[in-house]
Amino acid sequence: MAIKIRRATAADEAAIDQWQQSMESLDEYLAVQVGDVRDPQAARNRFGEWLRQPREKKVPTGWERIDLVAVEESGAICGYAVVNFGMNDPLTGQPEGYVSELHVWPEYRSRGVAGGLLEMSEAYAGQRGVPYLTLQVSATNQAAIQLYRNAGFKEETLKMVKRVTR
């Protein structure tokens, strides 16, 4: 089965929006693990709220948002990614793209879909002369971390959290 990666159309965006609104298909994605410091249910709730926000509210003013889709031969979407342009690294001042969303439907995982979406994100960065592509991932999501490492991403910073008690 051939999977094509391409820029999303308005029709694709409607299908993605519908998928994001479905708690049944989102349940696995909303099982966000934040380690043993923060409240996992609060993280799950907030992630669900964010994911279902209208697309235009997820991108800061002045940034460019590119939605990509992975589509099987039948035309059905099996994954998508969002890459944003318009930010500079706070330490170096260099421009960077930011992969803010990457989702592959469970039955299509381990078939190269996520890698294809990341490659297309990188291609768009290259077209814009953006030298770096960044993303964030939960430290507990080992499968995604391995995927990103295999795609050439490297850890640059480490966010550490401590619960403050009185």
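In the predicted model, strand β4, helix α4 and strand β5 form a β-α-β unit of right-handed crossover. The two strands, β4 (residues 95–104) and β5 (residues 132–135), run parallel and are joined by four bridges. Within this pairing, G97 is placed opposite L133 of β5. The helix of the unit, α4, spans residues 113–127.

Two aromatic pairs were found in a search of the whole structure. In one, the ring centres of Y80 and W105 are 6.1 Å apart and the planes meet at 85 degrees, above the 60 degrees required, so the pair is classed as edge-to-face. Because Y80 belongs to strand β3 (residues 77–88) and W105 to the loop between β4 and α4, this pair ties together parts separated by 25 residues in sequence. Y80 and W105 are both buried. The other pair consists of Y148 and F153, whose ring centres are 6.0 Å apart with planes at 65 degrees, so this pair too is edge-to-face. Both Y148 and F153 are buried.

The largest nonpolar core comprises 33 residues, among which Y80, L102 and L117 touch the most other members. At least two residues of this core come from each of α1 (10–21), β2 (64–72), β3, β4, α4, β5 and α5 (142–150). The greatest contribution is that of β3, which supplies seven residues. When neighbours within four places in sequence are set aside, the contacts of L102 are Y80, A81, A114, L117, L118, L147 and Y148. Nonpolar side chains tend to be buried together in soluble globular proteins.

Notes. Residues are numbered from 1 along each chain as its sequence is written. This is a predicted model: local features need pLDDT of at least 70, side-chain atom pairs count only at pLDDT 80 or more; totals for chains, interfaces and linings use all residues. Side-chain values use heavy atoms; hydrogens and water are left out. Two strands pair if DSSP finds at least two bridges between them. A crossover is right-handed if, with the strands pointing away from the viewer, the path from the first strand over the helix to the second runs clockwise. Rings of Phe, Tyr and Trp (its six-membered ring) pair if their centres lie within 6.5 Å; planes under 30 degrees apart count as stacked, over 60 as edge-to-face and the rest as tilted. Buried means under 20% relative accessible area, exposed over 50%, partly exposed in between (1.4 Å probe, protein chains only). A nonpolar core is a set of buried Ala, Val, Leu, Ile, Met, Phe, Trp, Tyr and Cys residues joined through side-chain atoms within 4.5 Å. Contact means heavy atoms within 4.5 Å.
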